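Reader: Hello! I would like a close look at one part of this model, and I would be glad if you could walk me through it and then show me how it sits in the rest.

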Amino acid sequence: MARSTLDAAVESRPQRTRPTRRRRTPFQMVAQILGELLITVGIVLLLFVGWELWWTNIDSGIKQDQALEQFFSDVTLAPEPPAPSTDGGEDAPAVEDFGEPAVLAQSALTGTFGVVYVPRFGENYSRPITAGVGTDVLDNLGLGHYPGTAAPGAVGNIALAGHRQTHGQVLDQIHTLVPGDRIYLQTRDGYYTYVFRNTEIVLPDRVDVIAPVPTDPAAEPLDRILTLTSCNPRFGAQERIIAYSVMESWRPLDAGPPPEIAEQVARAAGQA
Amino acid sequence: MYGSIFRALPGPLWMRIVLSVVLVLAAVAVLLVFVFPWISQFSPLTDSTIGSP
């Protein structure tokens with residue numbers, strides 16, 4: 001049975017190959033081309049979703065690592081921090097007083113000028129801070145510093161923007177911050193410890209949240225504020241989520257990093 | 001459409017398969033390198049700044 005079928009197939013093949021290609025009506029041809037185009041569009045859209053949600057993060061991660069490497073190549077860390085044996089934890093921050101914080105001049109706020117450590121966002125969370133909030137910065141290097149806002153440690157408001165999703169999604173976990181969480185900034189001058197206070201969800205046109213005194217542009221700043229902005233909800237952009245923190249302390253670079261993030265700093269600098 | 005492209009490729013079957021894979025990869029590369037970054041600027045996911053940057 002099987003044999004006879006095979007034979008028949010072999011016999012019929014030479015006849016069928018060339019001349020008897022089925023003629024299609026114009027409608028069938030148009031329908032086929034349209035169908036193939038639609039399938040192609042579907043595949044391309046899926047590819048785009050994969051690229052946007054997955055590949056941009058990997059791409060941005062590589063560029064952020066390079067930016068960190070660049071930053072740490074210009075910064076000479078203290079050879080070996082004093083290494084206090086008692087791990088303070090969140091309740092007992094370092095109480096050493098180093099006086100008025102050293103602050104970068106506005107003119108020094110170019111390129112990647114700092115690093116952010118947020119233990120709440122993960123053990124290894126260390127991201128470069130780069131001047132500017134254009135897509136060239138945010139899409140490639142993670143956190144961008146709003147031009148004209150304060151420098152780390154200065155009286156006033158240092159405002160940083162970062163993506164909630166895609167392109168590194170540096171502020172994906174912004175909603176998990178709990179009042180009292182520490183956010184550490186590092187520049188070539190030292191380490192600035194900020195304490196997270198609250199989040200606020202606003203409409204995208206509320207530029208007053210990055211004013212020197214957030215939401216009160218006319219007021220004279222007295223506090224040292226850190227403001228993070230990202231989009232909200234997580235996979236949308238109808239609103240912005242704003243996270244405010246207040247500076248608690250600072251340490252000069254030679255004093256070594258705050259003990260709570262000594263490991264992270266070493267890791268961030270070591271991977272350089 | 002794709003059938004006629006496949007038939008228009010030169011060479012024996014294995015060569016046409018190789019050529020069509022190369023064509024598909026080239027199309028994907030063009031999408032990844034040029035098209036998607038351009039579309040991405042219209043993506044609402046990437047608006048994370050306050051005001052108009």
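What follows is a request about one residue and a connected reply.

Reader: Could you take me to A:His167: where does it lie, and which residues is it in contact with, leaving aside its neighbours within four places in sequence?

Author: Happy to! Please keep in mind that this is a predicted model.

A:His167 belongs to the loop between strand 4 and strand 5 of chain A. Its phi is positive, about 55°, although the residue is not a glycine. A:His167 counts as buried because 26 other C-beta atoms lie within 10 Å, where 20 or more are needed. A:Thr166 sits in the loop between strand 4 (156-161) and strand 5 (182-186) too. A:Thr166 also has a positive phi, near 60°, and again this is a residue other than glycine. With 22 other C-beta atoms within 10 Å, A:Thr166 is therefore buried as well.

Now for the contacts of A:His167. Leaving aside neighbours within four places in sequence, they are A:Thr56, A:Asn57, A:Ser60, A:Leu138, A:Asp139 and, from the other chain, B:Thr46. Along the chain, A:His167 and A:Ile58 are 109 residues apart, yet 7.8 Å separates their C-alpha atoms.

Chain A brings 33 residues to it and chain B brings 19. On the side of chain A, the elements that give two or more residues are helix 2 (26-74), helix 3 (135-141) and strand 7 (224-232). The most comes from helix 2 of chain A, which supplies 8 residues. By type, this side of chain A consists of 15 nonpolar, 11 polar and 7 charged residues.

Chain A has a closed barrel of 8 strands with mixed pairing, in the order 1-2-3-4-7-8-6-5. From one strand to the next, the twist averages 30°. Strand 4 and strand 7 of chain A run parallel as a pair, with 6 bridges, and A:Leu160 has A:Leu228 of strand 7 as its bridge partner. Helix 2 of chain A packs on the sheet, where it touches strand 1 (112-117) and strand 2 (126-131), and its direction makes about 80° with that of strand 2.

The peptide bond joining A:Asn232 and A:Pro233 is cis, with omega about -10°. A:Pro233 lies in the loop between strand 7 and strand 8 (239-252) of chain A.

The largest nonpolar core has 52 residues, and A:Val115, A:Val116, A:Leu160, A:Ile183 and A:Ala243 have the most contacts inside it. Strand 8 of chain A is the element that gives the most to this core, with 6 residues. For A:Ile183, the contacts beyond four places in sequence are A:Val116, A:Val118, A:Tyr194, A:Phe196, A:Leu226 and A:Ser245.

Methods
Residues are numbered from 1 along each chain as its sequence is written. Chains are lettered from A and ligands numbered from 1 in the order in which they are written. This is a predicted model: local features need pLDDT of at least 70, side-chain atom pairs count only at pLDDT 80 or more; totals for chains, interfaces and linings use all residues. Two residues are in contact if their C-beta atoms, placed from the backbone, lie within 7 Å. Helices (H or I, at least four residues) and strands (E, at least two) are DSSP runs, numbered from the N terminus. Ala, Val, Leu, Ile, Met, Phe, Trp, Tyr, Cys and Pro count as nonpolar, Asp, Glu, Lys and Arg as charged, and the others, Gly among them, as polar. A residue is buried if 20 or more other C-beta atoms lie within 10 Å of its own, exposed if 12 or fewer, and partly exposed in between; C-beta atoms are placed from the backbone. Two strands pair if DSSP finds at least two bridges between them. Axes are lines fitted to C-alpha atoms, for helices over the stretch in contact, and angles run from 0 to 180 degrees between N-to-C directions. A nonpolar core is a set of buried Ala, Val, Leu, Ile, Met, Phe, Trp, Tyr and Cys residues joined through C-beta atoms within 7 Å.
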